[in-house]
Amino acid sequence: MIRAVIVINDQGKPRLVKFYDYQPVEKQQEIIRNVYGVLCSRAENVSNFVQDSTFGPDTRLVYKTFATLFFIVIFDDSENELAILDLMQVFVETLDKCFGNVCELDIVFNFNKVHTILDEIILGGQVVEMSSSEVVKALDDITRLQKNPNSIVRVPKSISGWQGR
Amino acid sequence: MGSQGGFGQSKEFLDLVKSIGEARSKSEEDRIVLREIETLKRRINEPDIPKRKMKEYIIRLVYIEMLGHDASFGYIHAVKMTHDDSILLKRTGYLAVTLFLNEDHDLIILIVNTIQKDLKSDNYLVVCTALNACCKLINEETIPAVIQQVVELLGHPKEAVRKKAVMALHSFHQRSPSSVNHLISNFRKKLSDNDPGVMGATLFPLYDLITIDVNPHKDLVASFVNILKQVAERRLPKNYDYHQTPAPFIQIKLLKILALLGSGDKKSSEQMYTVIGDIMRKSDTASNIGNAILYECICCISSIQPSPKLLETAADAIANFLKSDSHNLKYMGIDTLGRLIRISPDIAEQHQIAVIDCLEDPDDTLKRKTFELLYKMTKSSNVEVIVDRMIDYMISINDNHYKTETASRCVELAEQFAPSNHWFIQTMNKVFQHAGDLVNPKVAHNLMRLIAEGFGEDDDMSDSQLRLSAVESYLKIVDEPKLPSAFLQVICWVLGEYGTADGKYSASYISGKLCDVAEAYSSDDVVKAYAVTALMKVYCFEKAAGRKASLLPECQSLLEVLSASHSSDLQQRAYEFQAILDLDANAIENIMPLDASCEDIEIDKSLSFLDNYVLKSLEQGAEPYIPESERSGTLNISKIRNHNAYEHPTHSLRFEAYEVPKPVVPTKIPSTVTYPTDIVPVTVIVSEPSYQPSVQPSWPLVPVSDAGSGSGSTELKLRLDGVQKKWGKPTYSSGASSSISNFESDRTTVNGATQINTLISKPREPRQSNVEVSEEKQKLAASLFGGKTSRSKKKQSGGAAGHSKVSRTTNHGEDKVQPAAVPVTVTTAVQPPPPDLLDLGEPAGDTSSYSSTVDPFKQLEGLVDLSQDVNATASATTSNGPDLMSLYSDADLNGSLNQNPNAMNGSVNPSKKTASLTKGPSLKDALDKDALVRQMGVNPTSQNPNLFSDLLG
């Protein structure tokens, strides 16, 4: 099971935090700090996997760097490291499709949308979707529906068909 | 870019994010956030906030909480927002709630109603949102409120809803299996859903169910294999492909499930071989995801019943992983190598260089994984190299958790494979010095025991050399600051016991060091207790040896301080020491015999040695004993009377014997514990940290008349039997003499001893051939992999590898086990099994269990009977408990006692040589009798309190 998905920037500031088993806020922060500490000490050209006690027994961490952001997934031994690595790829591809050339600020300002995307990919700590086009389709459905009740008129970003939710 | 307001958020939020982004310090950031919290608190409670505004507030709350600040004041507004009709607001509300609340939060109850309503919605997206929330928010109590609706949704026309309903049910199952148990069939049903996504979702709950119990799901093997086959043959719609790999996560999950189902099940495994082979052949090794599936296949192959063909394919795949430049793949290669090595132990050899490379890789993750692999492939031929490496690594890391793990692995490997005791001690010293507080305290006891027992051979020289080297290394280390407590205990004990043994160091030098320790670690009572007892021993040994023994001034003052200590244990030790100061050399020699730590303690639970006494008393008209169960109030009187009789006015030692052992013996000394038995109590001092003979003030009388049998001897000693099981070489067992012959010869002590000697002299030879560490990888590799001895399995399975001697040693072990196991019923003296205190996780440590679980580990095998023999011989000499008692209890006995040492000279010497176990006087017939008792599988006891509770209920 996936325990958490975390996105932090290279300064250690959290950009997206989602824990699939509940952790109190303090514990979340502690984990984020630890993760950041571990990732900073990692050299380049090493593996994307970390085994460290700070995440709990038998848990592992896979991280991937995209520009200024670390994408981190913490999971237990019922998942496959390499596959999780590709899962992150899917996540980022999807973000890219939604935001168009996604950057850190897109995630900061639209993290509610990012959460929606993540919910389509991972549900209850399990990977339920591996196709970014399917995720985008699901998002489009939601977006279309939201347009119906015209109670809210918003200024969309350059990406068509999506608003902050 | 952010300040342009192009993200659909208000200027305020953009400014907030921007200012936090520009904050130079954590405190500055905190200030900004706190200001924001104040603003939100004020605004959010204003009346008539436009919904859109409220939505933004909620998002800002989420943001604040993500930064680690408390946003609980706004939770209720998030809950309210879930009630909103607009799906946009509803989703925002649900999102915030799932992030804010845990399943036990008080507010959950307010959401359940909304979820119920939303699950009924016509709009499938609303239903999906509600199901998402179900996964996170529904707790055990609220499951019944929604479960019916969720089950109904399993039949929803939209596959997205069905998929999420399955996931919701899965999360219910994780939280409270009992409330969903009747619905498990739904998971199986949904396995045949038309939509592959829904089918894939059912694999998660099924995987969990199969992890819990494989058996009810064995019938699904064919289905799973069939699904996997279809997936692998690309029968799924194209949109399930990822980089040309069909539905990778479904494949991975299926392979994981098959690995569980096929484990140890030949029939199921055979169904899988074809499809796994196909997948491996087709797998795309150029892509990441292809390798992920390949990795999963190898895991599956190593878990199910082995198929030679698949193992070969797996080995090839592993070779490719290891050859890769990618660290990720190398990591996977090392991981799979560790899995496969259990099945085909030879596989590592062809990858030795790759493994060494990984060991020296700068990547810490890879390094750890490699150490894990080395741990799995350790055998006696490479243990030195591996443990040295592990210790170096242990020293270099700071992570306490991993340090502990590495330390315990070092200890485990050293105990299991140590080539020599000297090496073992040196290794343990290193582990203790660098991770002393992290290792199991048992390890310290084991180390002391080893030093006390030495090589267990007739070689007195090597024993004393071993001890001397231990003493020297400890004298060197002891001055270093901040040593771990457990290590100091070992140091104190060894210095006390052997510090002055060979005369190289003077008593005052050792005493000075010990006083320094007690002073430097004055906050550690356990260390002080060890130190003061060690001081006492040093003093006693000096005095007993006829030298002028005087206390150092600092020792005097230490005693004074301790006798006023708040710790009753320390007080008692101090008082005991002071009492000893007044005794003459002869008495001291009996209280504190030199090098007597290996003596066995034995409890004759039936107290047969009292028979004569009881008989005599009965003849003289004494009341017969009435068992406790049949007794009424009559006992009280005698109890009081006894109490008075035994009352002693001072704390000083009491050497007079008790007149009559009665059901309750009141004791005055704090750490003296009384364990009532059926007949007569046996009083034992349980002074926790001491494993050396301490003065025993309140010993129950061991009747002198029966002293010859020695069966009642009880003394607190480090228990030493069985220690050699851990060390040595397989050749131990090569002695042609079967255990039976030892068994016989032990009865005649002298022969028995010589017999052992010949046995023991053998294992030394192979030690010289041990490979030494070399800087070059080749050599390192050779030392790691070169040994042909295949690694035998650790604890659990114990499938010994194909060593030529295995079968013989196993039989050998069985031979000896039988005599050990059977006669327990015969002997009257019931003894508890040896405490696992000293066995360190070897479940088969006690002799009786050897019969059932014959540990095929040949080294152990060879040693088991050896140690048995040693025990037998060693224990054949009675410990000096009774003699001590008799000394003081009955003057008449002095005459007979004086003969004891003489008797010893003849009969005991051999056994003294063998294991250096013996010390103190004994009687000849005691030898025979005790040897017999030993042989029958009666084990000596230690003073471990748990042990006694085992024994006596």
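The questions and answers below go through a predicted model of chains A and B.

Local features in this predicted model need pLDDT of at least 70, side-chain atom pairs count only at pLDDT 80 or more, and totals for chains, interfaces and linings use all residues. Residues are numbered from 1 along each chain as its sequence is written, chains are lettered from A in the order in which they are written, and side-chain values use heavy atoms, with hydrogens and water left out.

Me: How many helices and strands does chain A have?
Reply: Helices (H or I, at least four residues) and strands (E, at least two) are DSSP runs, numbered from the N terminus. Along the sequence, chain A reads β-β-α-β-β-β-α-α-α-β-β-α. The secondary structure of chain A therefore comes, with the runs defined in this way, to 5 helices and 7 strands.

Me: About how much area do chain A and chain B bury between them?
Reply: Contact means heavy atoms within 4.5 Å, and here it takes 69 residues from chain A and 72 residues from chain B. Buried area is the accessible area (1.4 Å probe) that two parts lose on being put together, summed over both. Of this area 60% lies on carbon and sulfur atoms, and the area buried between chain A and chain B is about 6300 Å².

Me: Which residue of chain A forms a salt bridge with K163(B)?
Reply: A salt bridge is a side-chain nitrogen of Lys or Arg within 4 Å of a carboxyl oxygen of Asp or Glu, and the count between chain A and chain B is 4. For K163(B), the closest N and O atoms of the bridge are 3.4 Å apart, and the partner is E129(A).

Me: Is E29(B) buried or exposed?
Reply: E29(B) is found in helix α2 (residues 26-44) of chain B. Leaving aside neighbours within four places in sequence, E29(B) is in contact with K13(A), I20(B), A23(B) and L67(B). Buried means under 20% relative accessible area, exposed over 50%, partly exposed in between (1.4 Å probe, protein chains only). Because its relative accessibility is 6%, E29(B) counts as buried.

Me: How many residues does the largest nonpolar core have?
Reply: A nonpolar core is a set of buried Ala, Val, Leu, Ile, Met, Phe, Trp, Tyr and Cys residues joined through side-chain atoms within 4.5 Å. Y474(B), which is in contact with residues including I425(B), L447(B) and F487(B), is among those with the most contacts inside the largest core, together with F224(B) and I276(B). The number of residues in this largest nonpolar core is 291.
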